[in-house]
Amino acid sequence: MEHIWDFESVFTNWRLLLIGLGNTVLLAVVCLGIGLFLGLFIGAARYSKNRLLNVPASVFVEVFRNTPALVQIMWFFFAFPIISPFRIDSFTAATLGLSLNTAAFCSEIYRAGIQSIHRGQWEAAKALGMRYGEQMRRVILPQAMRRMIPAFMNRAIELTKMTSLASVIAFGELVHQAKTISTIEFNPIETYTVVGLIFFIMIWPIAIAVRGLERRLSRHE
Amino acid sequence: MTELLKIENLNKSFGALEVLKGIDLTVEKGETVVILGSSGSGKSTLLRCVNFMEIPTSGRIAIAGKPVGTERSRASGRIQVDYRESELIGIRATVGMVFQHFNLFPHMTAFGNVMEGPRTVLKLPRGECEARAETYLSKVGLADKMHSYPAHLSGGQQQRVAIARALAMEPQLMLFDEATSALDPELVGEVLQTIRSLADEGMTMLIVTHELGFAYSVASKVLFLSDGVILEQGAPDDVLVRPKQQRTRDFLRGHATYKLPDLAIT
């Protein structure tokens, strides 16, 4: 059977795709921001000596790293509203699932980055009379951050792809918009091809940048 | 002469391992005390207890006449002391330390490294921190390398920046923990000269080193540490030339197995 390619019908719906792209980027950026911020505190809590901090933080990280992101999103959309007093729309549910998921992974990146800094750096900072927070902020984090950047960028790539999972709870990101277009136009092959390409064009440059950065960082050390 | 450092019956254990067993030591202001001993004798631990990088298991340390911490008990000679971290942070800011592996901050220039203490710890105004950085980098002979990153400096230069970084805090006491042990032999001299000039200016210093010639020429007092106790102490001539203990003699012999004739270096 010969398929007659009809990309015209995809492009006449460019407005829908544009909205989808906007929502995909919005979801990814918001979740990355929250994930990076929360991850730092969860990472710090997890490696604190206080059990009241480290036990809950460890449980959090293990739960989010060892369950599918799709389940997390669906849980926040379908289950969470039942046990909480809040009404939750699809954007909020997707944001909750994906940003907590990202926070769990980021906390591990922070930990590995900080642990990669030589003990002598802590010692030198301490010997100068710095407090723990000053040692961290002035000496350890600036060095660790540079080593963490490639890992965070990889996280951003994963996250951007994971936003497509939000289509199952009818959040209007790219894949959900594609579903809509293909239902109206009966052209799933063309629509999903175009959506795949859009993702590729968005993500590929980041992937190349990560590789470049990794090469540069390894040269300096 | 005034007493700058007084250590009384200092003990330090790591788990079951007793590293320091009852150290008593007094250092006068302006003295240069060199600590010798084979590896594992407790030299570094002793040094690290002075600025509380290690917390003593028992014993009393007084700096500039002020005992650190609050004494809890004095049972059978063991002095138990409680320390508050905030007090120890204050002590560390007044005691400079130079490490074997320099431990410069690689993300800052030499200038940034030296400015860091005055800026972050002393919270001095920026202008004053810059002035200090210039003063102390010039003092160690690195005025022309101010804007270099540690990675672009030789080992000897890095260690001199580390010395300037400690001096910029204008400490009352300097600790040198094998400051030349990680250096290529031809770079050792420049660092020793820097330390020597500090001694000449009257800086009070505790120096752990394996450079016996240096110890002989700069020390006002030499300690020989063995198995966590001070086996012998006194003027360089007494400890290094006429040692009383067999252990000290063995140690010195081990360090002087092969020697060039004096003519080779002139």
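Buried, in these notes, means under 20% relative accessible area. I'm working from a predicted model, so everything below is computed from that.

**Chain A, overview**

I started with how much of chain A is tucked away: of its 221 residues, 44% count as buried. I then looked up the secondary structure and found nine helices and zero strands. Reading from the N terminus, the elements go α-α-α-α-α-α-α-α-α. For dimensions, I took the C-alpha trace along its principal axes, and chain A spans about 75 × 50 × 30 Å. I also checked how far apart in sequence the contacting residues are. Among contacts in chain A with a separation of 6 or more, 72% are between residues 24 or more positions apart.

**A:R46**

Next I picked an arginine in chain A. A:R46 sits in helix 2 of chain A. Is A:R46 buried or exposed? Its relative accessibility is 13%, and the cut-off for buried is under 20%, so A:R46 counts as buried.

I wanted to know what the side chain of A:R46 pairs with. One polar contact goes to the side chain of A:E108, at 2.6 Å. Another goes to the side chain of A:S58, at 3.2 Å. Leaving out residues up to four places away in sequence, A:R46 touches A:N54, A:A57, A:S58, A:V61, A:E62 and A:E108.

**The largest pocket**

I moved on to open space. The largest pocket comes out at about 810 Å³. It is lined by 25 residues, and those closest to its centre are A:Y47, A:I114, A:W122, A:Y132 and A:M136.

Which helices supply at least two residues each to the lining of the largest pocket? From chain A I noted helix 2 (14-46), helix 5 (90-115), helix 6 (119-127) and helix 7 (132-162), and from chain B helix 2 (85-94). By class, the lining has 12 nonpolar, six polar and seven charged residues.

**The largest cavity**

The structure holds one cavity of 30 Å³ or more. The largest cavity has about 90 Å³ of space in it. Its lining is made up of 15 residues, with A:A127, A:L128, B:G96, B:M97 and B:A166 nearest the centre.

The elements that each give at least two residues to this lining are helix 6 of chain A and, from chain B, helix 2, strand 8 (95-98) and helix 5 (155-167). I sorted the lining of the largest cavity by class and got 11 nonpolar, two polar and two charged residues.

**B:T120**

I then looked at a threonine in chain B. B:T120 lies in helix 3 of chain B, residues 110-121. At 8% relative accessibility, B:T120 counts as buried. What does the side chain of B:T120 make a polar contact with? It reaches the side chain of A:R138, at 3.5 Å. With residues up to four places away in sequence left out, B:T120 touches A:M130, A:E134 and A:R138.

**Strand 3 of chain B**

Strand 3 of chain B covers residues 32-36, and five of its five residues are buried. I checked each face separately. B:T32, B:V34 and B:L36 are buried on one side, and B:V33 and B:I35 are buried on the other.

For its neighbours, I found strand 10 (residues 205-208) of chain B, paired with strand 3 in the parallel sense over four bridges. Strand 11 (residues 221-226) of chain B also pairs with strand 3 in the parallel sense, over four bridges. I followed B:V33 across to both. Its bridge partner in strand 10 is B:L206, and in strand 11 B:V33 stands opposite B:K221.

**The four-stranded sheet in chain B**

Last, I traced an open sheet of four strands in chain B, which has the order 2-1-4-5 and antiparallel pairing. Strand 2 (17-28) and strand 5 (66-67) stand at the edges, each with a single partner strand, so one side of each has no neighbour in the sheet.

How many bridges join strand 4 to strand 5 in chain B? I count two bridges between strand 4 (residues 58-63) and strand 5, and the strands run antiparallel. In that pairing, B:A62 stands opposite B:P67 of strand 5.

How values were computed: Residues are numbered from 1 along each chain as its sequence is written. Chains are lettered from A and ligands numbered from 1 in the order in which they are written. This is a predicted model: local features need pLDDT of at least 70, side-chain atom pairs count only at pLDDT 80 or more; totals for chains, interfaces and linings use all residues. Side-chain values use heavy atoms; hydrogens and water are left out. On a 1 Å grid over the protein atoms alone, a cavity is a set of points where a 1.4 Å probe fits but cannot get out, and a pocket is an open set with protein on both sides within 12 Å along at least five of seven lines; lining residues have an atom within 4 Å of a point. Grid points are joined across faces, edges and corners, and a volume is the space filled by probe spheres set on the points. Ala, Val, Leu, Ile, Met, Phe, Trp, Tyr, Cys and Pro count as nonpolar, Asp, Glu, Lys and Arg as charged, and the others, Gly among them, as polar. Buried means under 20% relative accessible area, exposed over 50%, partly exposed in between (1.4 Å probe, protein chains only). A polar contact is a pair of N or O atoms within 3.5 Å; within protein, one must be able to donate a hydrogen and the other to accept it, and residues adjacent in sequence count only if both atoms are side-chain atoms. Contact means heavy atoms within 4.5 Å. Two strands pair if DSSP finds at least two bridges between them.
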